[in-house]
Amino acid sequence: RQADGRKVLRSSIREFLCSEAMFHLGIPTTRAGTCVTSDSKVVRDIFYDGNPKSERCTVVLRIASTFIRFGSFEIFKPTDEYTGRKGPSVNRNDIRVQMLDYVISTFYPEIQEAYSDNSIQRNAAFFKEITKRTARLVAEWQCVGFCHGVLNTDNMSIVGLTIDYGPFGFMDRYDPEHICNGSDNTGRYAYNKQPEICKWNLGKLAEALVPELPLEISELILEEEYDAEFEKHYLQKMRKKLGLIQLELEEDSKLVSELLETMHLTGGDFTNTFYLLSSFSIDSDPSKLEDFLEKLTSQCASVEELKVAFKPQMDPRQLSMMLMLAQSNPQLFALIGTKANINKELERIEQFSKLQQLTAADLLSRNNCFHLLNFRVRLQKEIESISDADTWNTDRVKVMNSNNPKYILRNYIAQNAIEAAENGDFSEVRNVLKLLENPFQEAEEFREVQEDAEEEGATATAAACAQETRSRLPYCSKPPLWASELCVT
């Protein structure tokens, strides 16, 4: 990027909107103060494909208690035996001690006070706390389908915030292997890898804290605390999303897994499927169930969407050559390609081939197999443990509606706002911001917000005109087909 250090309008709007969206979803994050653009331009090759273009320079004011990261402690790293690289402040233990003292005393004062006379115990308590905060943070991401995109150590906050909104994305169609970053060719930061990679980053932080915190202590903390904290917080959140407010049963984990597997098979929209579950009636009225299933299947992927999702990504000649190489020279193949990626591509081809024969009617028939028997049985157990079913149902719906957002910053919504802003009209950015400030509200409430905004006059009218080229879908709709072409790097 010629090291000019400048941010552009496109990425600035995405960061500004998403950091505010995350805050109002109740997820620890940096905040957005202002977004200021200018007429000066820089050249960016957005997709790294040799087609650069000029973009307007922009500055985002980000707000947080601190921007110290895991990576901040890696500036002291000794020379690497393989790469020969070393940190710019290698052997400066005095700086590391000062920085660690500063972080703990400023942002973890209760730990500083409790262990003021024993630095090892203090540092261990600090590492335990950041381990648990990080585990809870990732669990929150998973429960709203948020994918960070670049989870290296320099994008991990030392106080457990979501920082550095680069190639992020909220998942639309549920896919555990969803990759939001177009330049993440190996899926290192895929949706289902986020808990694992954040744990790995904590391991790197542990290494960077030696000798102030011996590795045998920090590694034990990491193994004992991280997975347990993640699983506990994730399941607690998922119970709320499913309205399981009365009992905590061992079978709940399996119920969540089965629901996600069904969503995966049907291409269900992650956000809208969970949102709809609050309207599921536990009585046995067939007409109510049929109506509910119709709404639910409308959130499943169409044949066209599935074809886009499973479209083969490798050139057939390249794939053929790789398969021959895997047989003739396994050692060379191991250096230039992975077996997992090849197998994934073969599965993609098989799925794509099947979809060519599938009609919309066939798909609807297959998706109607989505039944909620296990969910109903589980809700029935809730009822059996209480005396007032009506009060329970009211509370259940209230909890679900405050944990399942109706509105998230989908890529197509952000893209519409960006395109309008690049044409000098920022009213759509303001509209989307207002929407994201109330992610759990009903559509009727937002219509009132829109009406208030329209009183501002020409700006809102201009926004409506600017968006005519795009489908004017409600903000809570699953993405239109054109959105599948969007690529964030």
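Before we look at anything, let me say what I mean by a cavity: on a 1 Å grid over the protein atoms alone, a cavity is a set of points where a 1.4 Å probe fits but cannot get out, and lining residues have an atom within 4 Å of a point. Grid points are joined across faces, edges and corners, and a volume is the space filled by probe spheres set on the points.

Now, the ground rules. This is a predicted model, in which local features need pLDDT of at least 70 and side-chain atom pairs count only at pLDDT 80 or more, while totals for chains, interfaces and linings use all residues. Residues are numbered from 1 along each chain as its sequence is written, and side-chain values use heavy atoms, with hydrogens and water left out.

So, how many cavities of 30 Å³ or more does the structure hold? There are 3. For the classes, Ala, Val, Leu, Ile, Met, Phe, Trp, Tyr, Cys and Pro count as nonpolar, Asp, Glu, Lys and Arg as charged, and the others, Gly among them, as polar.

On to the helices. Helices (H or I, at least four residues) and strands (E, at least two) are DSSP runs, numbered from the N terminus. Axes are lines fitted to C-alpha atoms, for helices over the stretch in contact, with angles from 0 to 180 degrees between N-to-C directions. Contact means heavy atoms within 4.5 Å.

Please find H18, residues 427–436, and H1, residues 9–24: their axes come within 9 Å and cross at roughly 20 degrees. That makes H1 roughly parallel to H18 (under 35 degrees; over 145 is roughly antiparallel, 65 to 115 roughly perpendicular and the rest oblique). The crossing is right-handed; a crossing gets that name if the near helix is turned clockwise from the far one by less than a right angle, and left-handed if anticlockwise. On the H1 side, Ile13, Phe16, Leu17, Glu20, Ala21 and His24 meet Val429, Val432, Leu433 and Leu436 of H18. By class, this contact has 8 nonpolar, 1 polar and 1 charged residues.

H18 has another partner in H17, residues 411–422, packed at an angle of about 150 degrees with the axes 7 Å apart. That makes H17 roughly antiparallel to H18. Here Ile413, Asn416, Ala417, Ala420 and Ala421 of H17 meet Glu428, Val429 and Val432 of H18, a contact with 6 nonpolar, 1 polar and 1 charged residues.

At what angle do H6 (215–242) and H7 (252–266) pack? About 70 degrees, with axes 10 Å apart. H6 is therefore roughly perpendicular to H7, and the crossing is left-handed. From H6, Tyr234, Leu235, Met238, Arg239 and Leu242 meet Asp252, Ser253, Leu255, Val256, Leu259 and Leu260 in H7.

Finally, the loops. Between H5 and H6 sits Pro211, joined to Val210 by a cis peptide bond with omega of about 10 degrees. Tyr48 is in the loop between strands S2 (31–44) and S3 (53–63), and its phi is near 55 degrees, a positive value in a residue other than glycine. His178 is in the loop between S5 (169–170) and H5 (194–208). Not counting residues up to four places away in sequence, His178 touches Cys147, Met171, Ala190 and Tyr191.

Technical notes
On a 1 Å grid over the protein atoms alone, a cavity is a set of points where a 1.4 Å probe fits but cannot get out, and a pocket is an open set with protein on both sides within 12 Å along at least five of seven lines; lining residues have an atom within 4 Å of a point.
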